[in-house]
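Take a moment with the sequence and the 3D view. Then read on, one part at a time.

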Amino acid sequence: MNKGNIIRWIAVSLMLCCIALTVSSPAIAEEKTYQLGIDQLIPGNPTIPSGWTDAENYSDPTITVTTEHMVVKKLPCSIVRIKIADPSQIRTAMSHDDYSKTGYVKALALSKHVNAVAAVNGDFFKYYDFGYLVRQGVLYRDAPNGKRDVLFIDDQGDFYAVRNAKSEDIQDFLTSTFPKDRTVINTFTLGPVLVENGEVQEITTREFQHCYKMQRVAIVQLGHLEYAIVECDGKADASYGMTMTDFAAFIKELFPDCLLAYNLDGGGSTNVIVGEKRIHKNPNTRQISDILYFASAYTEE
């Protein structure tokens, strides 16, 4: 074999080795992605038994949920931290899987129905006929009354808010502020916004400019695909709990750099669920119309 043939043989051999390594090497192989369908009738994937370290903490390749409890000024509080792999894992569900069916259900039953790893009650939208309502990408109602802050969650899992929103405010937000390459997946019409970009917000929503104490619950975006559910115990007769201002300050202390914290329907509607367990105390709990939940997208092979 002459020198030229030897060189060509070595070059071909090296090329074949590189191809073989590219195909077989786990480090170079394409990373598996996980995603859930957008339709509200599509539930999360069931959790895997080995993912539960106990009844309140779970982890698999697509989601991590950790729970902690604390007492603040003799007031029991619960914090659930959630990290997901894909935006499709932050979802909503409504009672009876139908916007037109007004009946309410127990939050724990609704959470189990969609295989939620962690869930929190929403804005009780079936109780009233106003608000800007998008659930799992479908616009059901466009009737904001200008008295409440509207939370928007987009297809990348990011939060935005429009304060004291009227129809024209929302349309202006969607055309001038909301990113052109994104889609609104879910909205809530309750509020108010408690903390934004690490700063406690002035409560301008007249309906919530009150100082009585009660059970509170909020959803918080901490970072990209990182969230928290924050709850403080209380009583329906306004004798026990936190004021809205105190609750905002509490969240700011917990998460000094949080992107946005939004108040959800507290009082008797308060429901914080991890797995198959309500993790807080609420002697006056009532049935609800909707939940915001976090689901696993993992399937064991």
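## A strand and its partners

In which sense do β9 and strand β11 pair, and over how many bridges? The two pair in the antiparallel sense over six bridges. Strands here are DSSP runs of E with at least two residues, numbered from the N terminus, and two strands pair if DSSP finds at least two bridges between them. β9 covers residues 149-154 and β11 covers residues 184-190. Within this pair, I153 stands opposite N186 in β11.

β9 is also joined to strand β10 (residues 159-162) by four bridges, again antiparallel. F152 stands opposite Y160 there. Four residues lie between the strands of this hairpin, and G157 takes a positive phi near 80°. Six of the six residues of β9 are buried, so the strand is largely enclosed by the rest of the structure. Buried means under 20% relative accessible area, exposed over 50%, and partly exposed in between, with a 1.4 Å probe and protein chains only. D149, L151 and I153 point one way; V150, F152 and D154 point the other.

## About the model

This is a predicted model, where local features need pLDDT of at least 70, side-chain atom pairs count only at pLDDT 80 or more, and totals for chains, interfaces and linings use all residues. Residues are numbered from 1 along each chain as its sequence is written, and side-chain values use heavy atoms, leaving out hydrogens and water.

## The open sheet

Nine strands form an open, antiparallel sheet, in the order β1-β2-β3-β4-β15-β14-β16-β12-β13. β1 (52-54) and β13 (199-200) stand at the edges with a single partner strand each, so one side of each has no neighbour in the sheet. β2 (residues 57-60) and β3 (residues 63-72) pair over three bridges, and D60 stands opposite I63 in β3.

## The nonpolar cores

A nonpolar core is a set of buried Ala, Val, Leu, Ile, Met, Phe, Trp, Tyr and Cys residues joined through side-chain atoms within 4.5 Å. The largest has 48 residues. V80, I82, I219, I229, Y262 and F294 have the most contacts inside it. Apart from this core lies another, of 21 residues, among them A218, C232, C258 and A261.

## Cysteines

How many disulfides does a search of the whole structure find? It finds zero. A disulfide is a pair of cysteine sulfur atoms within 2.5 Å. The sulfur of C77 is 5.4 Å from the closest cysteine sulfur, in C232, too far for a bond. Both residues count as buried: C77 at 2% relative accessibility and C232 at 0%.
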